[in-house]
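The sequence and the model are shown first, and a description by topic follows.

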Amino acid sequence: MSIFKRVMAAVCSLTVAGTLSLSSLRVVPQETEVFAEADTNNDDWLHAEGSRLYDKNGNEVWLTGANWFGFNCSENCAHYLWSADVDDVLSSVADHGINIIRFPISTELILSWMNGTPNPVSSVSGNTDPAFTINPDFCEADGKTLKNSMEIFDIIIQKCKKYGIKAFVDIHSPHTDNSGHNYGLWYGKETADGTMVTTDLWIESLVWLAEKYKNDDTLLAYDLKNEPHGKGQEGELAAKWDGSKDENNWAYAATRCADAILDVNPNALILIEGVEQSLKDDSFTWGQPDSLTNSPYIGAWWGGNFRGARKYPIKPEHGTSQIVYSPHDYGPSVYAQTWFDKDFTRQTLLDDYWYDTWSYINEENIAPLLIGEWGGHMDGKENQKWMTLLRDYMIDKHINHTFWCLNTNSGDTGGLWTNLSFQQGTGTTIVWDPDKYGLFEESLWQTSVSGKYIGLDHQKALGNNGTGISLNEFYSSYSSTEGSNLDGGKKSNGNVVDPPADTTPKPVETTPAVTTTKPADTTPKPVETTPAVTTTKPADTTPKPVETTPAVTTTKPADTTPKPVETTPSPVGKIVYGDIDMNGVIDLTDLSILSQYLLEGNNIEGTALLNADVDGNGDILLSDLAYLKRYVSKKTNSLGPK
C-alpha cells in the first residue's frame, strides 16, 4: 500500500532570486532539540541463520532501506542538510517506510574522529535564531557556529533512534573524495594530512567506531568497503578473492577486519561486498594478461562478484552468525552489460549473471544477502524493467536491500528525492519522486492488509504519522492476523551452525555466466554523460564535483546567519558581478543560486541575471560557476571582465 494513498504531499514553490528580507518572514520560535536519554535496552541486535536475519527473540526481520551519501565527500556530512532540517528529513524517511539507512563514509573521516581532531563540515545549515531556525542541534552555544563532523554524525544517529530508523556505515573509500568510489582498494591512499591509509589503519578505525557504538543498537552493521574492484590483469593493484594472505586479497582482509570488529562488538552485523573479477578456473592465475578469445576472468559489477566465496567463504574465528554478503547490482541505464543484450527476464538474469555471481548464496541457504546498492532512472523501458525484476526477486527471496539513493545528486541514478527546500514556519518541503518511490515502496517491509511499515526497533514505531509500527507491535498484533510481505513473519529454528558453502546443488537450469568473461566496459561511455573510465561501475554514482555545491532552494542563505545591518542591497539595474541575490554580499548563497540555474534550470531574471555572468563575457556557463566558487573560497579576489 503506497504512502501516497495515505498521505497528501504538500509542495511549496520558493523563489530564491531577489532580495531576502528577514522582516518579511513569519517568525515561529523553535526550541533546540533536547535528546531523550539513550536507549538502554540494547535489544535490537540481529544475527544470521542460513539466509535469513533474526532478532534476539528468534523473529525474522527484513532490512529494507536506502542510501544517504555525503560523509564520504568533501563536505564531511550527509548532503542536502544545506537546505533541509535533519528532523524533517528523518521523519519523512521513516514515514515513507525506510527502516534502515546506509551512510557512506571515508576511512579518513573516521581517522580524524579517532585521533581527536574531527574534520569540519561544510555546506551545512545550522542556526538557532528564532527568525530562522534550522538544524539548531548542529550549533555550538553561540547558536550559529557549526559543530564538527563527529558531533553532527552522533546527532544524526540519535535522531535516527528518535524516528525508529536503524543505520549502518559503508566505508566508501580510504580517502575523502566525492568520486572516491572509483578507487578499488581499502588501503593505499593518503589523507589530507599526509597519512597513508594502510590495511591496519582501516581495521583500527572501524574497530574504534564499533567500540564507540557497541552499546547503541541504532548502528547495527558495518559495510567494510564499498565496491572492491579492479581487473585481474592489474595484479596486485586489483582486489581479488582467493585463499592467499596477499594484501589485495579482499576475502582475507575482510575476515581479519570482521574478527577485529566482533572482538569489541560481537552483536554487530558485518557486511562484506564482492569484487569485480574472478578467475574462470584454476588453470589461470591472477595478474596474467587478458585475452579476447579466452579470457581468464569473469566480470561483474564492482562489488558484485562472489564466485570466489564458493571455495573461500568468509569464516571469521567468531563464526558466521554476523556475516552478511552484500552485492551491488545495477541496470542497463548505468552500463549496458552483456546480460542485457537479449530480451531479458528474471530467468535469463539468473542464468546469465545473478545466480553464479551472488544469488546462489541466498538460494542455497549459505548466508543472508543485502543488496547494498540498486536503483536507477525511471526510463519507462529496459532500466525500469530491470528494477522491477530485481525488486520482485528480492521480495520473493526475502533479500535485504538499501536503494541507491535518497540524494538527488547521483548522476547515474538520480534519487528518491527530487527537491528539498526550507522555509521558516513551515520547515522542510521534501518532494519524493512519485514514480520511483512507487516502484521502490513495494519492496519495503510492510503488513499485508493495512500496509503498516515495519521497523527494526522493538520499542519505537517507525516514524510518527501512524504509517509505521515497531517490531514488537508487528509480532504481537499483526503477524498472526495480517502477516507481511516477508512470509507473514517466521520464527528462528535456532540453527546458527555454519553450513558448508556448497552443500546444496544449484538448479539444473542455471548455466555459467559465459557472457561476462570479457570485461563489460572495454569501450568508454560518452564523455558527456560520465568520465571515460575503464570500470564496470560508472564514475558518477556519487556526485560530480560541480554538484557538491549546495543546491539551495531555501528562502534563507545556506550560512543561515543574518547579514550585517550595514549591508545594503545592490542597486537595481547596476551590474555587480557575482551578487546574484542583490543583497550587497557575494557569498555561498549566490553560488547556490547560480548552481541551481545551471544544473537544475531554476530561473534568474533582470539585473540578477546580468550579475550571474560573473566573468562578464556575455554567456552564463559552468565556467562562471567555477569562477564564482574560486572567489567565494578566496582563491581569487576579483570578478567581472579581465
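## Helices α1 and α3

The axes of α1 and helix α3 (residues 149-162) come within 10 Å of each other and cross at roughly 40°. That angle makes α1 oblique to α3. The crossing by which α1 passes α3 is right-handed. The structure described here is a predicted model.

On the α1 side, V86, D87 and L90 make the contact, and on the α3 side the contact is made by I156, K159, C160 and K162. Sorted by class, the residues of this contact comprise four nonpolar, no polar and three charged.

## Helices α2 and α4

Helix α2 (residues 107-114) has an axis that comes within 9 Å of the axis of α4, and the two cross at roughly 60°. The helices α2 and α4 are therefore oblique to each other. Their crossing is left-handed.

From α2, the residues T107, I110, L111, W113 and M114 take part in the contact, while α4 contributes L201, W202, E204, S205, W208 and L209. The contact of α2 with α4 divides into eight nonpolar residues, two polar and one charged.

## Helices α4 and α5

Helix α4 (residues 199-212) also packs with helix α5 (residues 250-264), at an angle of about 30° and with the axes 9 Å apart. An angle under 35 degrees counts as roughly parallel, and α4 and α5 are therefore roughly parallel to each other. The crossing of α4 and α5 is right-handed.

In α4, the residues T199, D200, W202, I203, L206, V207, A210 and E211 meet a set in α5 made up of W250, A253, A254, R256, C257, A260, I261 and V264. By class, this contact of α4 with α5 has 12 nonpolar residues, one polar and three charged.

## The largest pocket

The largest pocket holds about 530 Å³ of space. It is lined by 20 residues, and those closest to its centre are L279, D281, D282, R307 and G308. Two elements give two or more residues to the lining, namely β11 (278-279) and α6 (308-311).

The element that gives the most to the lining of the largest pocket is α6, with three residues. By class, the lining has seven nonpolar, three polar and 10 charged residues.

Most residues other than glycine have a negative phi, and most peptide bonds are trans. Two places in this model can be read against that background.

Which residue other than glycine has a positive phi near 80°? That residue is Y80. The place of Y80 is in the loop between β4 (64-67) and α1 (86-95). This α1 is the helix that crosses α3 at roughly 40°.

Which two residues are joined by a cis peptide bond? The bond joins W404 and C405, and its omega is about 5°. C405 lies in the loop that runs between β15 (400-403) and β16 (417-423).

How values were computed: Residues numbered from 1 in each chain as written. Predicted model: local features only at pLDDT ≥ 70, side-chain atom pairs only at ≥ 80, totals over all residues. Heavy atoms only, no water. 1 Å grid on protein atoms, 1.4 Å probe; cavity = no way out; pocket = protein on both sides within 12 Å on 5 of 7 lines; lining within 4 Å. Points joined across faces, edges and corners; volume = space filled by probe spheres on them. Helix = DSSP H or I, 4+ residues; strand = E, 2+ residues; numbered from the N terminus. Nonpolar A, V, L, I, M, F, W, Y, C, P; charged D, E, K, R; others polar. Axes fitted to C-alpha atoms, helices over the stretch in contact; angles between N-to-C directions. Parallel < 35°, antiparallel > 145°, perpendicular 65-115°, else oblique. Left-handed = near helix turned anticlockwise from the far one by under 90°. Contact = heavy atoms within 4.5 Å.
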